[in-house]
Amino acid sequence: MRVAMTWPQVLSWRLRRQYVSGPAAADPVAVARRLCGVQTQVASSAQHAVAVRSAVADPGAVERALRDERTLVKTWVMRGTLHLLPGDELPDYCAALSTLRFWEKGVWQRGHGVTAAEIEAIVAAVPEALAGDPLTREELVDAVIRVTGDGHLREALTSGWGALLKPLSRLGELCYGPAREGKITFTAPRRWLPSWPAALPPFEEAGVRLARAFLGAHGPATPETFDKWLFGGVARKAVLKGWFRDLAPELTEVEVEGERLLALTEHLDDLAAARPSAEVYLLPGFDQYILGAPRDQAALIPPAVKAKVSRQAGWISPVVIYRGRVAGVWEPKDLSVELFEEVPAGPLADAVTGTRELLKELMA
């Protein structure tokens, strides 16, 4: 018999699993581990996402984990976007993501002004270039040109948002290093992360671990939802099916208001016991509570306001959450709120006040 539940239950469970309504996380690594990464295209949003889920708002916690403890790592992973990940989990992400070698396709190469031979040369040269100390982007470009002897690569490597470096991040050959005089640097995970293994794990095993972790924070969901989150919806179908086939013994199909989804069997009792949330929360832009779900999930984002949440150029607005769903958006500069539906004034005022105090602590 299929287990049935409601979307308010599921959303309430996700809020607790993601450290929004439940017990706070111990540190930034615990947040990144549970959420399956924290998007950091906008660094202040990432810091806010970590702080709102942490027992103590520590402005320096993320930087210490990145630079001093090296337990967090910053690099391009899901959907080619910049994320914070636990350093010991990055090998799994690289192994899974490297099953889709988009840089080997002619249309991608033409779109970035390189030939197949040139992208192969870059992929071969970057590990050699990063064999020493972390390099700024300019230094890395100079080193790649020195190794390849191809000056034409300078323009391609210095334009855009690091598109020609993203294949190296998926292959586990490149990540962010410590900033130097206000400039970002790049380094090799094998040199930077104490936890880096001698070789990447088999992609078959890595993908199962990622799917299990995803369902543990963003479930119940479908393989297609997992694909959209990890690859942007373009995973190799045989690979995706293989991961969920191997994970199947741990899964149960549930019905959420007519939708058939997959949940980890170990979470069924917890999901069934969840009670709809009546709390109000202000979550930052690019928050994983939104990013881990399909943009067309009407139970989370009402279709009529989708354009105000998921905006042009991939921008995800800061959101007001009430009853587990998006009830409005807010502006970090002045904490002004635009509501899409009625929200209790008292709890909303408390959420705004709490957010104002949290942001002050982060800026201290």
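**Strands, helices and one arginine**

Author: Val320 stands opposite Gly328 in E12. Keep in mind that this is a predicted model.

Reader: OK. How many bridges join E11 to E12, and which way do they run?

Author: There are 4 bridges between E11 and strand E12 (residues 325–331), and the two run antiparallel.

Reader: What sits in the hairpin between them?

Author: The hairpin of E11 and E12 has 2 residues between the strands. Arg323 there takes a positive phi near 60 degrees.

Reader: Which strand is joined to E11 by another 4 bridges?

Author: Strand E10 (residues 280–283), also antiparallel to E11. In that pairing, Val280 is opposite Tyr322.

Reader: Are the faces of E11 covered or open?

Author: Both are covered. Val319 and Ile321 are buried on one side, Val320 and Tyr322 on the other. In general, side chains of a regular strand alternate between the two faces of the sheet.

Reader: How many bridges join E2 to E4?

Author: 2 bridges, with E4 covering residues 82–86. Val38 has Leu84 as its bridge partner in E4.

Reader: Now helix on helix. At what angle do H5 and H13 pack?

Author: About 105 degrees, with the axes 11 Å apart. H5 is residues 90–97 and H13 is residues 223–231. Angles of 65 to 115 degrees count as roughly perpendicular, so H5 and H13 are roughly perpendicular to each other.

Reader: Which residues make the contact?

Author: Tyr93, Ala96 and Leu97 from H5, against Trp229, Leu230 and Phe231 from H13. By class that gives 6 nonpolar residues, no polar and no charged ones.

Reader: Last one, Arg170. Buried or exposed?

Author: Buried, because its relative accessibility is 6% and the cut-off is under 20%. Arg170 lies in helix H10 (residues 166–170).

Reader: What does Arg170 contact, beyond its sequence neighbours?

Author: Beyond four places in sequence, its contacts include Val77, Arg79, Cys94, Leu97, Trp103 and Phe231. The Arg170 side chain also reaches the backbone oxygen of Leu100 at 3.5 Å.

Definitions and conventions. Residues are numbered from 1 along each chain as its sequence is written. This is a predicted model: local features need pLDDT of at least 70, side-chain atom pairs count only at pLDDT 80 or more; totals for chains, interfaces and linings use all residues. Side-chain values use heavy atoms; hydrogens and water are left out. Axes are lines fitted to C-alpha atoms, for helices over the stretch in contact, and angles run from 0 to 180 degrees between N-to-C directions. Angles under 35 degrees count as roughly parallel, over 145 as roughly antiparallel, 65 to 115 as roughly perpendicular and the rest as oblique. Contact means heavy atoms within 4.5 Å. Ala, Val, Leu, Ile, Met, Phe, Trp, Tyr, Cys and Pro count as nonpolar, Asp, Glu, Lys and Arg as charged, and the others, Gly among them, as polar. Buried means under 20% relative accessible area, exposed over 50%, partly exposed in between (1.4 Å probe, protein chains only). A polar contact is a pair of N or O atoms within 3.5 Å; within protein, one must be able to donate a hydrogen and the other to accept it, and residues adjacent in sequence count only if both atoms are side-chain atoms. Two strands pair if DSSP finds at least two bridges between them.
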